[in-house]
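Subject: Structure for you to look at

Hello,

Below is the structure I said I would pass on. My notes on what was found follow it.

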Amino acid sequence: MTASNACYSACLEEDHVKEMTECIKLDRECADICRVAITSMQTHSPFMMEICKLCADVCEACAKECDKHPHDHCRKCAEACYRCANLCRNMSA
């Protein structure tokens, strides 16, 4: 969530922000679903497994998009998102 929020903010500051549109959208989506996943784990939601699976899918999509860009913030976000996706998949398995 933190890496996606940081990437989102940094993407908005890029010179060619229009080229970052998909990355920005996925950063937002990723940060939002991570927040929901964290809350579902904290509250022992009966939907926690489904939320974690969705979180893994969104994190992976965000990571793949960030991999397309050379910016340091995108690289850091991609690494964090791949880690998060793996952890969430393990939790939802």
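The radius of gyration used here is taken over C-alpha atoms, and the globule rule is 2.2 Å times the number of residues to the power 0.38. With 93 residues, a compact globule would come out near 12 Å; the chain has 13 Å, which agrees. Along its principal axes, the C-alpha trace spans about 45 × 20 × 15 Å.

This is a predicted model, in which local features need pLDDT of at least 70 and side-chain atom pairs count only at pLDDT 80 or more, while totals for chains, interfaces and linings use all residues. Residues are numbered from 1 along each chain as its sequence is written, and side-chain values use heavy atoms, with hydrogens and water left out.

The chain holds 4 helices and 0 strands, where helices (H or I, at least four residues) and strands (E, at least two) are DSSP runs numbered from the N terminus. Buried residues (under 20% relative accessible area, 1.4 Å probe, protein chains only) make up 37% of the 93 residues. Of the contacts (heavy atoms within 4.5 Å) between residues at least 6 apart in sequence, 60% join residues at least 24 apart.

Helix α3 covers residues 48-66. Its 19 residues reach 26 Å from first C-alpha to last, close to the 27 Å expected at 1.5 Å a residue, the expectation being 1.5 Å times one less than the number of residues. Among the buried residues of α3 are C52, C55, C59, C62 and C66. The cover over the buried residues of α3 includes α1 (2-12), α2 (21-42) and α4 (72-92).

Regards

Terms used: Buried means under 20% relative accessible area, exposed over 50%, partly exposed in between (1.4 Å probe, protein chains only).
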